[in-house]
Amino acid sequence: TEAVGLYNLGQSCCLNSLLQVFLMNIHFTRILRRITVPPSPAQRRNNVPYQMLLLLEKMQCGKCKAVGPTDLACCLSEHRVELFVQHDAAQLFLTLWNLLKKQMKRPELVEELCDLYTICIQEHVSCQKCSFEVKSNSTMLTLPLPVLDANSHRLKALEDCLQYFFHPEELTGQNMCFCQQCGRKTAFLQSMKLVHLPQTLTLHLKRFCFERSSRTHKLSHHLPFPQELDLRQILAESQCQADDSEKATWQYELFAVVAHSGSTSCGHYCAYIRSLTDCKWYCFNDSEVCQVSWDDVKCTYGRSNLCWRETAYLLFYMKKHPQ
């Protein structure tokens, strides 16, 4: 009953893939089912959480192999989400999440939504001439992981991408910062430390990069990612700002992959999702849904000589042992 597709309304494959990832996440749908129904018909038409709930019920109650997300798409267009255009999955995921957060009126549901998806980071910037240091906390919806290092060398695996993201960076030359203690511009060391990870961890593989010609280029090289991810084994102590009880929950299992095929100007998205009820993998390709194997999911690792083939773009990991 849960393997129901979504009809493509016209270049809506990106939206369809993200909706499937949201609605197959039982932790998210538990929040969605408790929203307050807007009082007027006009408010209901323009409320993204409510329209998403109606779509979920339509998918679960019907006997069709696929349903059309028309009402939700019209609702999104009222909030300046363009229809019938190609979207970037990472940007659209952020847009959808912000709309959900903004329109969920109950504070406790907003808090639960943030706990489900929000990553907490602490940024450290320290002067290399004196002891002056600035620390600031921030939240992120996704970890935007580079797939190339500073010298444009390919990173070989997801674990390397995570280590590189949290690796300290020297700010020298034109990137030097003004030090209040030294009274002049000096070389600084910038680093990120991980403070808190959510129930659903979203990793964004930055496979689209801008060239000097201002054209977007897709990086399709081989980049494997594991089914199980333990951040305690990947990051060093200096890259974490968390106690032992927090780090004890940093063990994850892969839940979904949003993959992109084609070129940057003409592409297609689909989603590979592991059902949380029967633990089987499914491929959601618009209206077509079929059961697949882990070997099928591994085909999204990428190959440089097949740029048009499916390549993983967003990875969603679920905590194995939440507190």
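Author: What follows is a set of questions and answers on a predicted model.

Reader: How is the chain divided into domains?

Author: The assignment gives two segments to one of the domains, residues 140-167 and 199-322, and these make up domain 2.

Reader: How many residues of domain 1 are in contact with domain 2?

Author: The C-alpha centres of the two domains lie 22 Å apart. On the side of domain 2, 33 residues take part in the contact. On the side of domain 1, the number is 32.

Reader: What is the volume of the second largest pocket, and which element gives the most to its lining?

Author: The volume is about 360 Å³. Of the 13 lining residues, the closest to the centre are Tyr 164, Phe 165, His 167, Pro 168 and Glu 169. Helix H8 (158-165) and strand E9 (188-196) each give two or more residues. With three residues, the element that gives the most is E9.

Reader: How many residues in the lining of the second largest pocket are nonpolar?

Author: The charged residues number three. The polar residues number four. The nonpolar count is six.

Reader: How much space lies in the largest cavity?

Author: The count comes to one cavity of 30 Å³ or more. Its lining is made of Ile 35, Thr 36, Asn 47, Pro 49, Gln 103, Met 104, Lys 105, Arg 106 and Leu 109. By class, these divide into four nonpolar, three polar and two charged. The space in the largest cavity is about 50 Å³.

Reader: How many disulfides does the structure hold?

Author: A disulfide needs two cysteine sulfur atoms within 2.5 Å. The sulfur of Cys 13 is 6.5 Å from its closest cysteine sulfur, in Cys 14, which is too far for a bond. For Cys 177 the closest is in Cys 127, at 9.3 Å, again too far. The number of disulfides is zero.

Reader: Is Cys 13 buried or exposed?

Author: Buried means under 20% relative accessible area. Cys 177, at 24%, is partly exposed. Cys 13 has 8%, so Cys 13 counts as buried.

Reader: Which residues does Thr 186 contact beyond its neighbours within four places in sequence?

Author: Thr 186 is in strand E8 (residues 184-186). With a relative accessible area of 1%, Thr 186 is buried. Its contacts are Cys 127, Lys 129, Leu 171, Met 176, Cys 177 and Cys 179.

Reader: Where is Thr 142, and which residues does Thr 142 touch?

Author: Thr 142 is in the loop between strand E4 (133-140) and strand E5 (143-146). At 15% relative accessibility, this residue counts as buried. Leaving out residues up to four places away in sequence, Thr 142 touches Phe 93, Ile 119, Thr 202 and His 204.

Reader: What is the phi of Arg 80?

Author: Most residues other than glycine have a negative phi. Arg 80 sits in the loop between helix H5 (70-78) and helix H6 (89-103). At 82% relative accessibility, Arg 80 counts as exposed. Its phi is positive, near 65°.

Reader: Is Asp 286 buried or exposed?

Author: Asp 286 has a positive phi too, near 55°. Asp 286 lies in the loop between strand E16 (281-285) and strand E17 (288-292). The relative accessible area is 12%, so Asp 286 is buried.

Definitions and conventions
Residues are numbered from 1 along each chain as its sequence is written. This is a predicted model: local features need pLDDT of at least 70, side-chain atom pairs count only at pLDDT 80 or more; totals for chains, interfaces and linings use all residues. Side-chain values use heavy atoms; hydrogens and water are left out. Buried means under 20% relative accessible area, exposed over 50%, partly exposed in between (1.4 Å probe, protein chains only). Helices (H or I, at least four residues) and strands (E, at least two) are DSSP runs, numbered from the N terminus. Contact means heavy atoms within 4.5 Å. On a 1 Å grid over the protein atoms alone, a cavity is a set of points where a 1.4 Å probe fits but cannot get out, and a pocket is an open set with protein on both sides within 12 Å along at least five of seven lines; lining residues have an atom within 4 Å of a point. Grid points are joined across faces, edges and corners, and a volume is the space filled by probe spheres set on the points. Ala, Val, Leu, Ile, Met, Phe, Trp, Tyr, Cys and Pro count as nonpolar, Asp, Glu, Lys and Arg as charged, and the others, Gly among them, as polar. Domain bounds come from an automatic or database domain assignment.
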